[in-house]
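Please work through the exercises below with the model at hand. Each task is followed by a solution in steps.

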Amino acid sequence: MKGQVSLTERVPKLEVVRPVTTGARVTKTFAAAEWIPFAIGVAIAVTIAVRGNGYVVQVLTSTAIFVVLASGWNIISGLVGYVSFGQVAFFGLGAYLAAELIVHFQLPWYMAAAGAGVGAVVVALVLGTIMLRLQGIFFALGMFGLARIGQIAATSLDSTGGAMGETIPTTGDSLQTALTIIGVACGAVILTRVIMRSRFGLQLMAIRDDQTAAKGAGVNTQAVKVAAFCIAACLAALAGALYAWNIGYVDPTSAFNGTIELQTILMVLVGGIGTMWGPVVGAILISLINQVLWARFPMEQQIILGSIVILVVLLAPGGLVSMVNRFGWARRQPVWAPPPALETSDEVAAPGRTGGTHPDGALRGVSLTKRFGGVVAVDDVNLHAESGQILAIIGPNGAGKSTLFDLLSGFARPSSGKVHLGDRDLTGLNPHVIARSGVARTFQTSRLFSSLTVWETVLLASSSLHESRKTAVAETAKILSKVGLLNSWESFPERLSPGQQRLLEIARALALHPRVLLLDEAMAGMTPQEIARVHAVLEHAVAQGCAVVAIEHVLPAISSLASRVQVLDFGKTIAEGVPAQVLRDPLVIDAYLGVGE
Amino acid sequence: MLHDYALLTITGLLWGGVYLLMAEGLNLIYGVMKVVNLAHGDFIVAGGLLAVTLFSTYQLSPITALPIAGFLLLLVGLAVQTGILERLVGGGSQAEIRTLLATFGLSYIVSNVALLLWGGQVQSIPFLQGAVKVGGLAIPENLLVCSIIAFIVAGSVHFWLTQTISGKTVRATAQSELGAASCGLNIKMIRAVTFALGSAMAGAAGAITIVLIPFQSTSGGDLTVQSFTVIALGGLGDYVGAVLAALLLGLTQSFTSYFLGSNVAAAMVYLLFIVVLIFRPQGLLGRAGRV
């Protein structure tokens, strides 16, 4: 006990750290620089639209339409990680909606395009709620199926000319058309940028990296995914509407064309999936290649495009942009960075979360039971976490400790029993709701977001709690300095030591201002210094009235701090009480160390 | 009326056999490698169109064409697995996405090659066009033969997987690659053999089913989804489940196309697919991922 205290004293409880900002300055310079090529690109496009001949302008508009389509696909498949083989379903939907509105309702083209975008969002809202429950191949092929259903529906719809399609009266000259389409493409690029530098974008990337951890950080994953799906659908529908308006014709085969899907995916892959500039770079490059292919190999086009897909996946899965990234160019800029310098040890508690003042802020699990088939993983366990105290949960492997945490944090539903936080019944609530209402957790095996920086990881949790950007940023900086990771704010998790990764997970949990902190073997693999750091952080949290429940394998890691210990074996509580007494309990020694001690 | 229902049921079940035949290769590959070959349908089409050429040029019957198409696709599958899929980097969900994208590209290559070789028109083979009379019901001979072949193939694959040592090594790999490797099995080779065999089954299935379903070079995507529907409904990699799923799909198809028309029947596969994924993602029997 004494040794531990002296260790904690060596670590100052609150350091005043100024984050290293050299990296930030570099980032800022590039922020300005990346707009120069963009502005030049737009200028060239506009010049071509004004000066170019018919053929060149058609290449330009088709490229711009693909920029819109590719940006949409990049949002749902690149940023959220839900690869779709049916984005063309919304392209076709947009084309048909626009055609209907123009032909049968005599709307002007821009109203029709807007109508197509809105219509696609409505459809995507319904479909997304259903489809996004699927993952991986199921989502990808499910979307493919939707595209086919769309095509079949369009073929059997007589009002739009069935399989023959219908003609759309063209209005406006080609310059107006080209400029409109360029404008929408610019809009799609800017939208991507806005998303990637926002809280929403952060949540999307977190879901892509680890959906479970995102929920644990308080992200409403379902709502965020559906929103991204709707945005992607809206962009695809706009592209479809502009396409139909541009060529003045729509038919099922070309509106739901698989080659459009192939090209869109190829563009994003070649440019760089999940990157800001990937869709633009890919769309321009592949469109140009396509022109050559059309001219010289009209029959072999798909063979060549398909081969490029395979080559990119094999040799450069990150695409062109990520190859450039290796030199530090065009790297994604951290969201809401750099961290502000911490002026003083400002001990301002976050609004609305003064943990200590809740008289019954304790977490109670009441006769929790969880059955998996015939196995009872957690059997009638009661748990009581007091504010301002540390409760240690120990027990041999397979005792049901982690399952108990899943029940408390909403990642699993109890077969019977209740979970209460103060007066509030948490039983059956979604993990992100529980996380936001003050029960934060870490995971047994480290679950960090591989493509988010240290800064963004904590900011994600902090911003799901605080609406205001200023508060979220200040809180994140404070928490990072508390766990000693502020100087590594730009690092990705793979660059951190195992102990630092654990600390980052704890920081992410603390960013939720928990009234109850659930730590699942948080100190496994840590050096003594890092353990001391965690102890200091925990003591600070406890002093502020937080209740801590810690699962540990290594007894000394927690027993010195814990005020109570609860021992699980085969899903049941076999002992509980103050550490010194419980650890001498023969039952516990039996279960934990085996007979014959 | 009763007569109609009896006929619809019988042809539905027989069509189920045909769907099973087309899905079996995909099921084997998924069961062992947890990989979905998106070019599967295009392999079926290639096998079918090859049989058309063999029939029209050399007067070979589809039954003879079946092993030839199977062997050629075996070589294609071997090349794809060792040349592409085995070389993809990354693990976990990233690997899954990369495999999907690679086979997605492959499906376009195969269908475009088919287009260049055989043109874009819909083709079929006039073979066994009579009907067998069973108690007043006329059952098409070719449907009967296809279905019988399907169940023979399903039975022999099941026998191979459960009763022979080589089949057991494949199942061991399916259940735990690490475990199988630590028992001294050559995982890479088993994966290559599995993928090649699955591709061969696709080619063979195409050679015989073209008698029933006219193919064109672009039919592959539909057949991939149809096959995936069967194996997803059966519980990805589950052999018994796939049989039940195929029969269910056959019945659904035969009744919807009779009562609601062929357009609805075509959309039905996708609807069934999406409904299954949402309500029964673990498949009919609910033990996903077992071979």
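This is a predicted model: local features need pLDDT of at least 70, side-chain atom pairs count only at pLDDT 80 or more; totals for chains, interfaces and linings use all residues.

Residues are numbered from 1 along each chain as its sequence is written, and chains are lettered from A and ligands numbered from 1 in the order in which they are written.

**Exercise 1.** Describe how domain 1 of chain A touches domain 2 of chain A.

Step 1. The domain assignment, which is automatic or from a database, places domain 1 at 35-255 and domain 2 at 356-593 of chain A.

Step 2. The centres of these two domains, taken over C-alpha atoms, are 43 Å apart.

Step 3. Contact (C-beta atoms, placed from the backbone, within 7 Å) links 16 residues of domain 1 of chain A with 21 residues of domain 2 of chain A.

Step 4. On the domain 1 side, helices H9 (199-209) and H10 (211-216) of chain A each supply at least two residues; helices (H or I, at least four residues) and strands (E, at least two) are DSSP runs, numbered from the N terminus. The largest share, six residues, comes from H9(A).

**Exercise 2.** Determine the strand order of the open sheet in chain A.

Step 1. The order is S4-S3-S6-S7 (chain A), with antiparallel pairing; strands pair if DSSP finds at least two bridges between them.

Step 2. Strands S4 (375-385) and S7 (424-425) of chain A form the edges, each pairing on one side only.

Step 3. Strand S3 (residues 363-372) of chain A is joined to S4(A) by seven bridges, and Leu363(A) has Ala385(A) as its bridge partner in S4(A).

Notes: Two residues are in contact if their C-beta atoms, placed from the backbone, lie within 7 Å.
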